[in-house]
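Subject: Structure handover

Hi,

Here is the structure I promised to pass on.

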Amino acid sequence: MDPIANFLTSIRNASAKGHEKADVPQSKIKLALAKVLKDEGYIAGYRLMEEHNVPFLRIQLRYTDSKEPVISGVKRVSRPGLRVYQPADRISRVNGGLGVAILSTSKGLMSHKKARAAKCGGEVLCHVW
């Protein structure tokens, strides 16, 4: 299975149901994804937790004043069977500029805006809007 796709699906399902939080198994890439989502304002926060000696990541979801989820859509772009790479000057906008693409670059995970500013391309992991 694809752990990044499972992470994104957990967040999508929890926000669609109106849950306050989503718990996902912990890994370094999921922690980096949560940091980018927090920096871009799509989630309220995240914490590393442990229960019965099993570490997991608790994602605090974010909603608008009218109780609508901030994350309205998530799409996994690069997957294990088909990797998608973009150079810095060809990184496309997401949903007409209303979303964010998360890239895995040589400088770590970052949003498409930061990657374009740093002039480094990489693997496009997902789109969030």
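Let's start in strand β8, where you will find Glu 123. (Helices, H or I with at least four residues, and strands, E with at least two, are DSSP runs numbered from the N terminus.) Before going further, please note that this is a predicted model, where local features need pLDDT of at least 70 and side-chain atom pairs count only at pLDDT 80 or more, while totals for chains, interfaces and linings use all residues. Residues are numbered from 1 along each chain as its sequence is written, and side-chain values use heavy atoms, with hydrogens and water left out.

Back to Glu 123: it is buried, with a relative accessible area of 11%. Buried here means under 20% relative accessible area, exposed means over 50%, and partly exposed is in between, with a 1.4 Å probe and protein chains only. Setting aside residues up to four places away in sequence, Glu 123 touches Ser 78, Arg 83, Val 84, Tyr 85, Ile 102, Leu 103 and Ser 104. Contact means heavy atoms within 4.5 Å.

**Salt bridges**

One of those neighbours is also a charged partner: the side chains of Glu 123 and Arg 83 meet in a salt bridge, 3.0 Å from N to O. Arg 83 sits in the loop between β4 and β5 (85-86) and Glu 123 in strand β8, so the pair ties together parts 40 residues apart in sequence.

The rule for a salt bridge is a side-chain nitrogen of Lys or Arg within 4 Å of a carboxyl oxygen of Asp or Glu. By that rule the count comes to five. Another of them joins Arg 58 to Asp 23, with the closest N and O atoms 2.8 Å apart. This pair also links distant parts of the chain, since Arg 58 is in strand β3 and Asp 23 in strand β1, 35 residues apart. Arg 58 counts as buried at 17% relative accessibility, whereas Asp 23 is partly exposed at 40%.

Then there is Lys 113 with Glu 40, at 3.6 Å from N to O. Lys 113 belongs to helix α3 (residues 112-118) and Glu 40 to the loop between α2 and β2 (43-51), and the two are 73 residues apart. Lys 113 is partly exposed, with a relative accessible area of 45%, and Glu 40 is partly exposed as well, at 24%.

**Helix α1**

Helix α1 covers residues 3-17, which makes 15 residues. From its first C-alpha to its last it reaches 21 Å, close to the 21 Å expected at 1.5 Å a residue (the expected span is 1.5 Å times one less than the number of residues).

Which residues of α1 are buried? They are Ile 4, Phe 7, Leu 8, Ile 11, Ala 14 and Ser 15. Seen down the helix axis, they fall within an arc of 135°, so they line one face of α1; the arc is that of the directions from the axis to the C-beta atoms. The face turned away from this buried side carries the exposed residues Ala 16 and Lys 17. Among what covers the buried residues are β1 (21-25), α2 (28-39), β3 (54-61), β4 (74-76) and β8 (122-128). Just after α1, Gly 18 takes a positive phi of about 85°.

**Nonpolar cores**

A nonpolar core is a set of buried Ala, Val, Leu, Ile, Met, Phe, Trp, Tyr and Cys residues joined through side-chain atoms within 4.5 Å. The largest one has 23 residues, and Phe 7, Leu 37, Ile 59 and Val 128 touch the most other members. Two or more residues each come from α1, β1, α2, β3, β6 (100-105) and β8, with α1 giving the largest share, five residues.

Leaving out neighbours within four places in sequence, Val 128 has contacts that include Leu 37, Tyr 42, Ile 71, Val 94 and Ile 102. A second, separate core of nine residues includes Val 77, Ala 101, Ala 115 and Val 124.

Cheers
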